Amino acid sequence: MSHDAFIQALAHAHQQAAAPLPGPAFCHLADQLLNVLFPERAERPLRNADAVAATLGLLQDDLTSLLLAVETPRSAAELAADCMAGLPVLREVLLLDAEAILQADPAAEGLPEVMVTYPGFYAIAMHRFAHGLYQRGVPRVPRLLSEYAHQRTGIDIHPGARIGPSFCIDHGTGIVIGETAVIGAHAKIFQGVTLGALSVAKHLQGIKRHPTIEDHVVIYAGATILGGHTVVGSHSVIGGNVWLTESVPSHSRVYHRAQIQVTRAEDPTADITFSI
């Protein structure tokens, strides 16, 4: 390709590109909403009901303005009003998540600590907000918010994933939850868990590709569960480092058996045999 042709190709690409998203502004607004819903996170809690109402009104106006930057199936004002109307339910569900984390972690000293410092709570909160936008058909923005949370916490949850109430993420670093994953109520997931897809052709992207995790399931660190037809039955425990691509019934215990052998020799420089 000649230099002139290259310039023309780039010019055409720029002309066809979608309008840039106000990414930082969307992320900042999501953080502000969390600060209003949970004053423990705010630098300055709002002083009275009038201040809360005024702040929520300003945030709704900001959301309306930001949504004008993306193509939505409804008007920006209507969509923003619908999102704000859903805040009571969002707060109620997130309080259940925070309580689940508190009850599951002996190191947690109270709900304020969970809400302010725990990356699992923050990742869940951002996911639930992004998922609401995803369900309402808002393009690009939900994925932007999920990636923002991913960068801050190391927890990667696609905004399409459906997650039930009282969801506990313990530690959380390295967790990956795919778009069509479904997680029931009172589930608990540790760090390094992947709820992923088996390899499928691109044209099959609309099918369910990620597993279903039913109620009261615990998945320990490093476990990988793959496939849209894979169902982990309720009250099951999936042990650490398990690789699972088939369904298991409720009340199952699935674990990876490790073998560790240690030998000692008089010579301290001798090799130690260690195998897993």
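## The sheet

An open sheet is built from four strands with parallel pairing, in the order S2-S5-S8-S11. The edges are taken by S2 (162-163) and S11 (231-232); each has a single partner strand, so one side of each lacks a neighbour in the sheet. Strands (E, at least two residues) and helices (H or I, at least four) are DSSP runs numbered from the N terminus, and two strands pair if DSSP finds at least two bridges between them.

S2 and S5 (residues 182-183) run parallel and are joined by two bridges. Valine 182 in S5 is the bridge partner of arginine 162.

## Basis of the model

The model is predicted: local features need pLDDT of at least 70 and side-chain atom pairs count only at pLDDT 80 or more, while totals for chains, interfaces and linings use all residues. Residues are numbered from 1 along each chain as its sequence is written, and side-chain values use heavy atoms, with hydrogens and water left out.

## Helix H4

Helix H4 spans residues 76-85, and Ala76, Leu79, Ala80, Cys83 and Met84 are buried there (under 20% relative accessible area; exposed is over 50%, partly exposed in between; 1.4 Å probe, protein chains only). These buried residues fall within an arc of 135° seen down the axis of H4, so they line one face of the helix. The arc is that of the directions from the helix axis to the C-beta atoms.

## Arginine 143

Arginine 143 belongs to helix H8 (residues 141-153) and is partly exposed, at 40% relative accessibility. Beyond its neighbours within four places in sequence, arginine 143 contacts Asp156, His158 and Pro159 (heavy atoms within 4.5 Å).
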